[in-house]
Structures are given as C-alpha cells and as structure tokens.
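Me: I am new to this structure. Please show me how to read it, one feature at a time.

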Amino acid sequence: MNHEMRRKGLVVSVAAVSLLVGVIAGFFAAHRMIGDMSGMTMEKRSVSGSSERADGMRDMKPMDMKGMPMEGTMPMKDTEPMPSMSAAPSGVVAIPAVARQLIGVRSAPAAYASLEEEIRTVGTVNYDERGFTQVTLKISGWVREVFVDSIGRPVRKGEPLFTIYSPDLLTTQDEYLLAVKTQAQLAASPLADAKANAAALVVSARERLRLWDVTDSQIAALERRGQAEPVLTVYAPSSGIVLKREALPGKYVEPGTTLYEIADLSTVWIYADIYESEVMATKLGQPASVTFAAYPGETFRGTVAYIYPALNTEARTVRVRLELPNLGLKLKPGMFGNVILQTDAVKTLVVPKEAVLETGLRQLVFMDRGQGRYEPASVKLGRRSQDYVEVMEGLTEGERIVTSANFLLDAESKLTSASSMQAMMGRIGMADWQMRGAHEAKMEGMEGMDMGSMKGMEGMKGMKGMDGMAGMEGVKGPSVTETRQVAGLSLTLTTVPEKPKAGEVLLKLKLTDQAGQPATNAQVVFVYTMPMPGMTDSKVTAHHTKEGLYEGKVMFGMGGTWVVTVNVTVPGRPPIAEKFQFSVAGGGM
C-alpha cells in the first residue's frame, strides 16, 4: 500500500513540475509570437538540436526536487536568442524575394542631375496701375451730353467723353476774347507799356483756360469764332477700358469729382503670394508661367517685376508682382490663375521625391544593402522640383535607395526595433505585465517539496508577477490634467475618470480668455487616434455645458498611448488645433 501511494505521489509531483515548466515556456512562447508579428525572418532551428532535446526529455528520470538549485537566477541554456534579432542591426529590415515582388519594392541610385525648382502658387489678375487714369474737373458746372455712356467700353486718347456747361468757364472765355481784342487795338499804339499790358492779359486768360483743361485747338477755335462757347467738350486723357462712369446728363459736378476711371489693359499685373521659405529662390526678372481655367491648354508667360518688402504675418507669405502682356485682352481683372515660378537650374545630388519619408522631425530614406536587406538613413533635404529633391547631407552618389513601398518598410523597421517593440506592448495594454518571478527565479517555499508529498506547492503563491497573468491588466496610467495658452485662450483638458482606462472616457475642455472670462461661443471637436500603423482617426463633437466647459465622450479601444487633437473655433479668432498625448490603462491579450 505504501509503495502504491508513493508511486501516485510521484506522478502528481511530476505533473505539478510539468505545469510550472509549461507556464514559463508559455511566457517565452508569447514573446516569440510577438517577435513573429513584427515581420522578422526567423531562422529554423536545426533538426539535430530538436532531436537532442526530444531524446533528453525521454531520458528524464524521476528526481528528488530537494537537490535542485532553487536560489539565485535560474539557468536557461535552451532559450538562445533568436538569430534574426541578434544578427540584424537595429532598424534593418530583411524582406524575402517573394515578399519584395508582392509589395513592389524598387530601388534607384542617388545621382547628380540638373535641378530646377518650381514655386507654385495662385495669382490674381489686376490692371497695370501705371496705365490707370481718372477723369475729373477743375470747375463746377452741369453735364449736358454724354458720349461714352457705359462701363467696359474701350476709348482712345482724345476721344470726346461728355460736354459741360460752366458759368465760370463762360466768363473766362469772354475775358480772353476781350484781352485779344484789346491787344489788336493797341497794336499801333506808340505806348510800349500799353502794348505789354495788353499782351500780358491775353497770356493770363489763355493760361487760365489751359489750367481748366481747355485744349489749344479749342482756344484757337474760340479766337476764330470770336464768341464764347456755352458748353465745353471734355476729351479722354488716355486710351483704355472704362472701369467706372459717373457722368450723367444734367448732373451737377464740383471740382475734384471723378466722372470716369480708365485703365490700360494691354499689360496686366498678377499678384501672387509665396511662402517665407521660398523668398530666397525668387528674384526680379525671374520667368513665370500662368494658366487659367478659362483657357485650358494655354500658358501665359511673364516675369517677376517686383517683390514686396512686407510680410503677411498671419499667413507668413510675401507678395510678388508679375507683368504679362495681354494680347486680345483675354485676361480680365479679378481672374485667378495658377502661377509657376522657375528658378535657376543647378547641378546637385538628387533622389526621387517618393523615396523620402517625412516624419515631421526628420526626413528618412531606405538604403538598399543588397540581398533583400534595407536600412533607414536620415537625410537633409534642400530644393525641390516637381519630381526630384536635393539631398544636402546623408547620401553619396551611387548609393541605392528605395523608391517605392518605403512606407511598408518603415512600418516593418519600427516593429523590429526593440524600443518600438516595447511601445507596441504598451499600446496593447501589456506595458506593465512582467514575469518577474521567472527572471528572478525566486520560488520561495519549494525547498520542502519532495517526490512523496505535495508539501511546498503552497509556496508557489509567492511567485511574484504571476498574479498579473490572470487578468493581464496593466497598471493605471497617470491622471490627465493639462493647461495650455494658445492664441489668447487658455485650454485645460481633463478626463473622467482622472486616470483614463480603455473604454468610454469623458473628455472635458475648459476655455477661458486672457481676462479669465469663459468662452461660451466656441465650436470644439475632439479627434483621437493611437499613433501606430493602420489606426484611423475618430472624432466627436463636444457640447458646451456651463461657463466655458465643453464635454464629449470618446471610446479608447485599447490601452496604450493615445493622441487627442483639440480643434477649437471661436468667432473672430484664428482656429486652434492643439495635440494632447497621454497613456490609457487597460487592454490585454
């Protein structure tokens, strides 16, 4: 009977030890599964090694657990590091040939080429201010007859516009005729002073008529006629298109009244705004081409005539003026056009634009190291053309870089790095889950465990970290309360609960102005996402509850790092888009 009970105890003990070994092996298997998800190429273990381990397992005999070294760290000889993780440097991606063909990876060498930068913007057509004329009068009177009676009509210089009756002008004509008549009577007088005075009166009256815009031909006609004309004809001072007309029959006008505005549209100006960073590449006399939706397929060419000295502080742009000939008067003031400014061509090291990944803080390219291995490299970029970009630092001529599918390589590279692996663990709610007991091998209480009894198994309760495996729950993140000053407003973001967990969370935004008064007329939208490949943005409109407090409920699908963009629109203020980043607890496998 004792022999039978001893044999049953042996079986139960072996089963308990097997269970413990299975739990530890399951932990490392989970880590290896996560490594496989990152796309790393795992080398197959040799068949001989597997057979040796299998033979070793078959040769295992019942042992007395008292003789096992339970203190200190547990030797893990069979858990070698995975070959692909140890052999490849950080960030390097190895892609098999079949996978490269499926995702379409292509590469090309960096080479020197002639780079011509294009500055693209939108321009507005306006008239040439040097050919703009206003028709005004220097006398008061009444408009009698109007000859140019519509806006948009072309006029030629010297063409009659309207007639005007002016009592002052009529009186001056009579004075001029009288001075001419007196001068003729005193022509035979022996008194030199009388002749000089008569001539001075004629000159004075004629000059007054000229200052009132009476032409020399009209003065000559007045002398031939010998009688003052009650109405005077006003002629166009320049050629162009009538943009404004205020001359109406019977209208009383005073000196300084603008009756016509005439613009010469044979040459037009185009105003365009370029960014602050593009000012250095823009020069006077630089060629420019403009296209208009009204004339598809037709390109109008001109030059940069002026670069304005002031900067638009709100848009951070500088205005430039282009001059274009307007053949056939096709270009109308107010039309919009797409402007392209061509800079001087320079020979420099270039790569295709699609080869560069913009991360916000830096620019990356993937270098082709051969045999399906790709490595990210940081570069410094310069000028850009429509298809190429200048590389100032980070590459040399002849180095091959990836020109397509580099976004997939970037995602693969981030997953393979150790730091990104830890970040991914945090995003799925496992940042705080650790097998501390497995690493430290502190299995207190197992010294008393022998083959004939289950004593000492109670000591397994002391394995630190194992209790966390039941629910796989992470430690709660820090509370979220942050205040920022943006565009004259104070933004305070809080969450309910204070330490957000995965699931439904209430976001609260407190809006106040510089005086501390609540902003109650704002529109607030919360846009939230998790910064990882494949995650899309979600948004919710916040509602005003009281005294500048806006609330909206969001759904955090898992634990990890979340980014919430607060979009605030207040009438009379520039729009605000402020990003808040915080940790969300919860999640699991």
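The dialogue below goes through strands, a helix, loops and aromatic rings.

Me: Before we start, what kind of model is this?

Reply: This is a predicted model.

Me: Let us begin with strands. How do the strands of a sheet pair?

Reply: They pair through backbone hydrogen bonds, and the pairing can be parallel or antiparallel. Here, 6 strands close into a barrel. Follow them in the order S4-S13-S16-S15-S14-S17. The pairing is antiparallel. From one strand to the next, the twist averages 40°.

Me: Which strands do 7 bridges join?

Reply: Look at strand S4, residues 118-127, and strand S17, residues 336-342. They are joined by 7 bridges and run antiparallel.

Me: Now a helix. Why do residues three or four places apart point the same way?

Reply: An α-helix has 3.6 residues a turn, so residues at that spacing point the same way. Take helix H5, residues 167-185. H5 has 19 residues and reaches 27 Å from its first C-alpha to its last. That is close to the 27 Å expected at 1.5 Å a residue.

Me: Which residues of H5 are buried?

Reply: They are Leu-169, Thr-172, Gln-173, Tyr-176, Leu-177 and Ala-179. These residues cover an arc of only 160° around the axis, which puts them on the same side of H5. Turn to the other side of H5, and you find Leu-178, Lys-181 and Gln-185 exposed.

Me: On to the loops. Where does Asp-213 lie?

Reply: Asp-213 lies in the loop between helix H6 (192-211) and helix H7 (216-225). Check its backbone angle phi, which is near 70°. That is a positive value in a residue other than glycine. Asp-213 is partly exposed, at 42% relative accessibility.

Me: What is the phi of Arg-316?

Reply: Arg-316 has a positive phi of about 55°, although it is not a glycine. Arg-316 is in the loop between strand S15 (299-312) and strand S16 (317-325). Its relative accessible area is 37%, so Arg-316 counts as partly exposed.

Me: Which residues does a cis peptide bond join?

Reply: Val-496 and Pro-497. Omega there is about 5°. Pro-497 lies in the loop between strand S25 (489-496) and S26.

Me: How far apart are the C-alpha atoms of Gln-517 and Leu-489?

Reply: They are separated by 9.8 Å. Along the chain, the two residues are 28 residues apart. Gln-517 belongs to the loop between strand S26 (503-513) and strand S27 (523-529). Gln-517 is partly exposed, with a relative accessible area of 48%.

Me: Last, the rings. How many aromatic pairs does the structure hold?

Reply: It holds 12 aromatic pairs. One of them is the stacked pair of Trp-142 and Tyr-165. The rings lie 6.4 Å centre to centre, with 25° between the planes. This pair links distant parts of the chain. Trp-142 is in strand S6 (residues 141-146), Tyr-165 is in strand S8 (residues 160-165), and they are 23 residues apart. Trp-142 is partly exposed, at 37% relative accessible area. Tyr-165 is partly exposed too, at 23%.

Me: What about Phe-556 and Trp-562: how far apart are the ring centres?

Reply: The centres are 4.9 Å apart and the planes are at 45°, so the pair is tilted. Phe-556 and Trp-562 are buried. Together with Tyr-528 and Phe-582, they form one aromatic cluster.

Me: Which residue lies over the face of Trp-269?

Reply: Arg-321, at 3.9 Å from the ring centre. Lys-330 lies over the face of Tyr-295, at 5.6 Å from the ring centre.

Notes
Residues are numbered from 1 along each chain as its sequence is written. This is a predicted model: local features need pLDDT of at least 70, side-chain atom pairs count only at pLDDT 80 or more; totals for chains, interfaces and linings use all residues. Side-chain values use heavy atoms; hydrogens and water are left out. Rings of Phe, Tyr and Trp (its six-membered ring) pair if their centres lie within 6.5 Å; planes under 30 degrees apart count as stacked, over 60 as edge-to-face and the rest as tilted. Helices (H or I, at least four residues) and strands (E, at least two) are DSSP runs, numbered from the N terminus. Buried means under 20% relative accessible area, exposed over 50%, partly exposed in between (1.4 Å probe, protein chains only). A charge sits over a ring if NZ of Lys or CZ of Arg is within 6 Å of the ring centre and within 35 degrees of the ring normal. Two strands pair if DSSP finds at least two bridges between them. Axes are lines fitted to C-alpha atoms, for helices over the stretch in contact, and angles run from 0 to 180 degrees between N-to-C directions. The expected span of a helix is 1.5 Å times one less than its number of residues. The arc is that of the directions from the helix axis to the C-beta atoms.
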